[in-house]
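These are my notebook entries on one model, kept in the order in which I looked things up.

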Amino acid sequence: MYITGKYWENYVGDTDDSLTLVEYLAGKQKAEIPLEEIFSDFGLDKLQGNFRNPDVALVYTDPEGWETPIYFAIDLIMDLAALLLECKINRNIELCELSEADPDTMAVSEIRITATPEEYLLIGKVLADFTSDPLAYDLSEMCTEEEMRETAAVCEALRKELYEGTKEQNT
């Protein structure tokens, strides 16, 4: 997979929220998942663009009713940006390469996340905002300033690559 090592597990894709996202994607048992559905299922749509310090608690509830808190909205946004890049480059995401799961036990091992131009624009704006002021995000409570700046540099590279050759690159 393209994002493995380059972005995934390099400040992106290596949090508890990332694990929850991968489990969620595998649990959907669908080959194609719209970004709008992911936003809705995680409550990101309720934040009205406030991904810095949301005043709404994010919780994912699985089909059995188990609730998993989402600690930082920006973690999900960064992970989703990397997954969108993987879909841009390779069309699909190999879920087994993002987790320890056995591909033979998965109903669907390859998925594709789809997004509208407006959703791509939103992801780009959030990444640009994070890059410009990472210490304004609640994630900075858990990380050193140096880690936040390194994460911001990775996000900027991700943002540029995701929007390479498109109008949204300059957001």
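This is a predicted model: local features need pLDDT of at least 70, side-chain atom pairs count only at pLDDT 80 or more; totals for chains, interfaces and linings use all residues.

In which crossing, left-handed or right-handed, does α1 pass α2? I find that α1 passes α2 in a right-handed crossing, where a crossing is right-handed if the near helix is turned clockwise from the far one by less than a right angle, and left-handed if anticlockwise.

Residues are numbered from 1 along each chain as its sequence is written, and side-chain values use heavy atoms, with hydrogens and water left out.

**Entry: helix packing.** I looked up the pair α1 and α2 (residues 35–42), and their axes are 12 Å apart with a packing angle of about 120°. That angle makes α1 oblique to α2, given that under 35 degrees counts as roughly parallel, over 145 as roughly antiparallel, 65 to 115 as roughly perpendicular and the rest as oblique. The axes are lines fitted to C-alpha atoms, for helices over the stretch in contact, and angles run from 0 to 180 degrees between N-to-C directions. For α2 and α3, I read a crossing at roughly 160°, with axes that come within 12 Å, and these two helices are therefore roughly antiparallel to each other. α2 passes α3 in a right-handed crossing. Helices here are DSSP runs of H or I with at least four residues, and strands are runs of E with at least two, numbered from the N terminus.

**Entry: largest pocket.** I then looked at the largest pocket, which holds about 250 Å³ of space. A pocket is an open set of points on a 1 Å grid over the protein atoms alone, where a 1.4 Å probe fits, with protein on both sides within 12 Å along at least five of seven lines; lining residues have an atom within 4 Å of a point. Its lining has 14 residues, and Asp 14, Thr 15, Asp 75, Leu 139 and Cys 143 lie nearest the centre. Helices α1, α3 (73–90) and α5 (145–162) each supply at least two lining residues. I count the lining by class as seven nonpolar, two polar and five charged.

**Entry: second largest pocket.** The volume of the second largest pocket is about 210 Å³. Among its lining residues I list Leu 19, Tyr 24, Lys 28, Asp 62 and Trp 66, and α1 gives the most to this lining, with six residues.

**Entry: single residues.** Ala 26 sits in helix α1 (residues 16–28), and at 22% relative accessibility Ala 26 counts as partly exposed, where buried means under 20%, exposed over 50% and partly exposed in between, with a 1.4 Å probe and protein chains only. The C-alpha atoms of Ala 26 and Val 56 are separated by 26 Å.

I also checked Gln 29, in the loop between α1 and β1 (32–34), where phi is positive at about 55° although the residue is not a glycine. Gln 29 counts as exposed at 52% relative accessibility. Arg 91, in the loop between α3 and β4 (93–94), has a positive phi near 75° and is likewise a residue other than glycine; Arg 91 is exposed, with a relative accessible area of 51%.

Methods: Grid points are joined across faces, edges and corners, and a volume is the space filled by probe spheres set on the points. Ala, Val, Leu, Ile, Met, Phe, Trp, Tyr, Cys and Pro count as nonpolar, Asp, Glu, Lys and Arg as charged, and the others, Gly among them, as polar.
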